[in-house]
Amino acid sequence: MAATDTPTHAVVRVQGVHKQYETDAGPQPVLQDVSLSVTQGEFVALMGPSGSGKTTLMNILGCLDTPTAGRYWLDGQDTTALDSDRLARLRNRFIGFVFQGFNLLARVSLLDNVALPLLYAGVGRAQRRARAAQLLKRVGLERYADYMPNQISGGQQQRVAIARALANTPKLLLADEPTGNLDSHTGRDIMVLFGELNREAQLTVILVTHEQDIARFANRLVNFIDGRIAYDGPTQEYVPHSELAHT
Amino acid sequence: MIFSLLREALRAMASNRMRTFLTMLGLVIGVGAVVLMLAIGQGAQTLVKQAIESLGSNLFIVFPGSSSAGGVRSGSGGASTLTVFDAQAIAELPSVAGAAPLYSGSAQVVYAGANWNTRITGVTPSYFEVRGWRVEQGYALADGDVRAMARIAMLGQTVVRQLFGDESPVGKTIRIKNAPYTVVGTLAAKGQSYDGNDQDDTVLVPLTTAQRKLFGASFPDSVRYILVQTHSDAVMESAERSMTALLRERHRLPPGTEPDFMIRNLSAAADVQAQTTEVMSIMLGAVASISLVVGGIGIMNIMLVSVTERTREIGIRMAVGARRTDVLLQFLLEALVVSVLGCLIGVVLGVGCAYLVAQTAGTVVVVTLTSVLLAFLVAAAVGVFFGFYPARKASLLKPIEALRYQ
């Protein structure tokens, strides 16, 4: 029954998702009745002020967190009832993460950082290194393969993180404030790279940001206010509240 | 996969050498202590075993009882109730392999300018079999020498050293109580007895010579004691019973009276000694094992700190697809590698210290493969046991919380 409701071309399908955190002051709702569908090849920006629930949704989409209620299909597969091993496998094969703080392993070479998802996919060492070298080349850092993360700039580290996210040719690239720790020029370069990946490989990209300039790189914008979706449509047609106030 | 995880573990260890070293230290000391203590214990056991073997196996010693003259009683061995014929009769018993009658005393032995006070023992040829004592040079005294009351002597190695130095004593003449004796042979070195006497500090002469010429026994055929060897350990008890019965009959003792002889089981006394050293060596091992456990707790401590310190790393690994088992295995492997390396260093340290102890204290230490393997296996088990809890803790982290951890 549910299968007929689930179009297979939707990489991400979220239906009636609620999320609340238990705090000392009682349950704190973060997401309320969120439904969202993203088809393959879309480039979506999740926007909203801090505390609006965009990062929480991102974590649920990334199978790092589970919703309190509601269901989530990743590439047609219902993730609601999966155990931690299955979720780990989904993260490994279907999802690539890019974080605000890069999250590279500090004492590990760039090449081995990029190869890390391949390790958990059970790929042999020689193949891992070959694939990682290829990915480093794609992000223009092939010369730095043996460097440690602290020997390169922030922008370069984020490129390495993107290369790592692409290791297992995922269906979905999730980026949480990927330019948050970078200057605007470097941030723009990173966004250009996301755009390229989205167009070239029909890679679905979902990006969390609070910057209007960054969101403009996406085709579609989803705006969150107080745990609910306030706007979901083309980026060009979105009018922020601050600008509304001026008209 | 396992090899990749092992590589990860090695890399994690290499990237924080100080922490790795501190983790290992406990086990290094623990394993070192176990190996060293077992070596010392084994060494003591070996010494005792050698001493017991030098005594001869399955031995009884039969003493005469005490004598009483005017109300004053002598100690055991004071009476002259045992004779050469008792020894001959005992030797006929089916469970007995041999019986050696002895007559001994102390005397000054002189050769050229040197003299030496030593124990002179009159023996029969059966003595060499019962004691398992070999002849080093020359030949052993024979039945004919005993019958002839020959003035010949055989020297223990200590006496040879004291009187002759590097000179060969065979064929030379020594003087005992001012009478000349020809040295016909020397005895192989036996070392210390289990109760600490130098067994090589001795001179052997024919039994009859000692009885009649050297010490003037009160009865011509009386002996100081008889050494009896049985065929095997199993017949010791029955041999003791039949000897008692035989001697009571020969000495015509009415039933119910005190015997005029005493039988001591030498092997039993030696066994007690062996058991004592065994207990000592077990105790040494047990005390050292405690340090092994403490070392294991050290591993757990540092691993727990390490898990907390690397929470973010664990989060990253989980985000890119590490399963709980992968994380568990990685930390378990780290604990195992640390333990195994610590063990190897500990074994080397323990063996090194054992030889150092052997050199400086001059005792015997024995490092056996079993003790090394034992320490090794126990330490590896300790590593896994104490590494499991931190590893499990790491694997149970929620990815989202681990990633957020600062």
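Author: Strands β1 (residues 10-23) and β4 (residues 69-74) of chain A run antiparallel and are joined by 5 bridges. This is a predicted model. One pairing to look for is Val14(A), whose bridge partner in β4(A) is Tyr72(A). Both strands belong to an open sheet of 4 strands in chain A, with antiparallel pairing and the order β2-β1-β4-β5. The sheet ends at β2 (26-39) on one edge and at β5 (77-78) on the other, since each of these pairs on one side only.

Among the paired residues, Leu172(A) has Thr204(A) as its bridge partner in β8(A).

Next comes the nonpolar packing. The largest nonpolar core has 128 residues, and those with the most contacts inside it are Leu46(A), Val114(A), Leu207(A), Val31(B) and Val35(B). Helix α2 (residues 17-55) of chain B supplies the largest share of this core, 14 residues. Another core lies apart from it, with 53 residues that include Leu59(B), Phe60(B), Leu82(B) and Leu163(B). As for Leu207(A), its contacts beyond four places in sequence are Val44(A), Ala45(A), Leu46(A), Ala175(A), Pro178(A), Phe194(A) and Ala218(A).

The contact between the chains takes 22 residues from chain A and 17 residues from chain B. On the chain A side, the elements that give two or more residues are α3 (84-94) and α4 (110-120). Of these, α3(A) provides the largest share, 6 residues. The side of chain A that touches chain B has 10 nonpolar, 5 polar and 7 charged residues.

The axes of α9 (residues 266-309) and α11 (residues 324-361) of chain B come within 11 Å and cross at roughly 140°. The crossing of α9(B) past α11(B) is right-handed. From α9(B), Ile299(B), Met303(B) and Val307(B) make the contact, and from α11(B), Phe331(B), Ala335(B), Val338(B) and Ser339(B). By class, the residues of this contact are 6 nonpolar and 1 polar, with no charged residue.

Last, a loop residue. Ala189(B) sits in the loop between β9 (179-187) and β10 (202-206) of chain B. Ala189(B) counts as partly exposed because 14 other C-beta atoms lie within 10 Å, while a buried residue needs 20 or more and an exposed one has 12 or fewer. Leaving out residues up to four places away in sequence, Ala189(B) touches Gln157(B) and Asp200(B). Arg161(B) is 28 residues from Ala189(B) in sequence, and the two are 11 Å apart in space, C-alpha to C-alpha.

How values were computed:
Residues numbered from 1 in each chain as written. Chains lettered and ligands numbered in written order. Predicted model: local features only at pLDDT ≥ 70, side-chain atom pairs only at ≥ 80, totals over all residues. Contact = placed C-beta atoms within 7 Å. Nonpolar A, V, L, I, M, F, W, Y, C, P; charged D, E, K, R; others polar. Core = buried A, V, L, I, M, F, W, Y, C linked by C-beta atoms within 7 Å. Pairing = 2+ DSSP bridges. Axes fitted to C-alpha atoms, helices over the stretch in contact; angles between N-to-C directions. Left-handed = near helix turned anticlockwise from the far one by under 90°.
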